Amino acid sequence: MGAECCYEVSQIAYIKLVLHALKHRSAAVNGLLLGRLRQDGGATATVEIADTVPLSHSQIGLLPALELALIQIEEHFEAQGLSVVGYYHANERHDDVELGNAAKKIGDHIFRYFPRAAVLLLDNKKLERLQSSKGRDPVVQLYTRDSSKSWRQTGSDGSNQLTLKEPAANVVLLDYISSEKWQEIVDFDDHLDDISKDWLNPGLFN
Amino acid sequence: MVGASEAARMERLESQVENGGGGAWEYLCLVRKLKARRSNKVLKHGLSILNDHRARSKLGAEEWTLYEQVAFAAMDCQQHDVAKDCIAVLSKQFPGSIRIGRVEGMLLESKGAWAEAEKVYARLLDDSPLDQIIHKRKVAMAKAQGDLSAAVKFLNKYLEIFMADHDAWRELAEIYVSLQMYKQAAFCYEELILSQPTVPPYHLAYAEVLYTIGGLENLQTAKKYYASTVALTGGKNTRALYGVCSCSVAIRQLTKGRNKEEKEMSDLQTLAAEALQRDYKQRAPNKLPLLMSMLKNMKLNS
């Protein structure tokens, strides 16, 4: 993909992702990014990441739950004009900054259906510093597939930028963290353990 | 591993304690029994008991167990001073104890002082060479440092001696899954099913790993183990019910309906689909349309 592409994450999507990771601090977590492609005219395009669905906090390398989730999530969001545009992952260990193989494989799968797929990896150190730094940058790293079919972290070279749609997202995030909002997050795993739990997390931000 | 009803009870107790409804000691005991990792809460409520002279004396001999539990929780929350204080109290009460020595080793681990922790454990192993918990710390340290292949190596060595340690087999299986070494994970679950054939989570995990590996034979076996999970859980396990359906679809795609066996087994997936629909209708009605649509696409909707 030679064309410029920007990635814009909505507050809801961003906060759900971080809260999910905070709920399961001693495990790796993952989830799907829902959104749409917006052509901005000319060669630029923006992937709007409008929402996220938390998937799993255990046994991430296994297929059955992932397949079920993809089917049901795709179908649900189709009605809103959204589709799966990426995947997020948070590593188990605090100092693990690598994008693991399981994450790459899932990313590859999504890439087949959406060639501008994004993979977001939680940056644990940035998250930890957020309280004191009060920064505005997202606490996730963006990875995209380059022409050699590998997932590359996007840097400051100007292409494939990741931005937060609402600039004050971190302020809101910090607020939710201090009120321990993460306890209410439901992922697809939780739903499979108890189907009365809703992976759409309606009413989470009410 | 925590069963569904026990997990629910723990969550209820947790919110009860959080909202000032008492029951802290009961909650802490349950967390210990289930080996759940709720370090924030354990630290908070454990400390409130320990810091209350009267509550503490009511515990009698259990007081020391609580000190140990709070020490672990403190380490998990990186509150090293609290952990150190607890350990000091315990050392005074039980001088020279290997169990306390282990806790000291773990404090070093939680500070990232791996080499020092190893020395402590080596010393303890001299006195108590068959201490399983200390042996397993080696695996834990490798895992914590991100060296999964070392963790696997140590765990395999451990299991050669302590082959009846089910937790260890499970841990090994989970590490293999995280490394996408599914065949090896399957082997671990086979060992677990052999030694504990009526424990549903092993059947389920085995089925999920086989499904992930794929291929006709594995899918057929996976279906059998999803079915045995359904049987062992009285049809209440959602993942197993879904698994039966998913396997049926995958098998049909691979055999293109040529396999005679499938026609005989078709009752099973219909029943599973019906069970799912009934359950969703009752407990997750807003998700029922998604389920119905999925089952329809799988051609399992009656």
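**Close-up 1. Burial of B:C245 in the predicted model.** B:C245 has a relative accessible area of 0%. The cut-off for buried is under 20%, so B:C245 is buried. B:C245 takes part in no disulfide. The nearest cysteine sulfur belongs to B:C247 and lies 9.4 Å away. A disulfide needs sulfur atoms within 2.5 Å.

**Close-up 2. A:C5, a cysteine in no disulfide.** Across all chains, a search of the whole structure returns zero disulfides. For A:C5, the nearest cysteine sulfur is that of A:C6, 6.7 Å away. A:C5 counts as buried, at 3% relative accessibility.

**Close-up 3. Packing geometry of α14(B) and α15(B).** Two packed helices are described by the angle between their axes and the distance between the axes. Here, α14 spans residues 216-232 of chain B, and α15 spans residues 238-255 of chain B. Their packing angle is about 155 degrees. The axes are 9 Å apart. Angles over 145 degrees count as roughly antiparallel, so α14(B) and α15(B) are roughly antiparallel to each other. The crossing of α14(B) past α15(B) is left-handed.

**Close-up 4. Residues in the contact of α14(B) with α15(B).** From α14(B), the contributors are B:L216, B:L219, B:Q220, B:A222, B:K223, B:Y226, B:A227, B:T229 and B:V230. They meet residues of α15(B), among them B:R239, B:L241, B:V244, B:C247, B:I251 and B:L254. B:G243 and B:S248 of α15(B) also belong to this contact. By class, the contact residues comprise 13 nonpolar, five polar and two charged.

Terms used:
Residues are numbered from 1 along each chain as its sequence is written. Chains are lettered from A and ligands numbered from 1 in the order in which they are written. This is a predicted model: local features need pLDDT of at least 70, side-chain atom pairs count only at pLDDT 80 or more; totals for chains, interfaces and linings use all residues. Side-chain values use heavy atoms; hydrogens and water are left out. Axes are lines fitted to C-alpha atoms, for helices over the stretch in contact, and angles run from 0 to 180 degrees between N-to-C directions. Helices (H or I, at least four residues) and strands (E, at least two) are DSSP runs, numbered from the N terminus. Angles under 35 degrees count as roughly parallel, over 145 as roughly antiparallel, 65 to 115 as roughly perpendicular and the rest as oblique. A crossing is left-handed if the near helix is turned anticlockwise from the far one by less than a right angle, and right-handed if clockwise. Contact means heavy atoms within 4.5 Å. Ala, Val, Leu, Ile, Met, Phe, Trp, Tyr, Cys and Pro count as nonpolar, Asp, Glu, Lys and Arg as charged, and the others, Gly among them, as polar. Buried means under 20% relative accessible area, exposed over 50%, partly exposed in between (1.4 Å probe, protein chains only).
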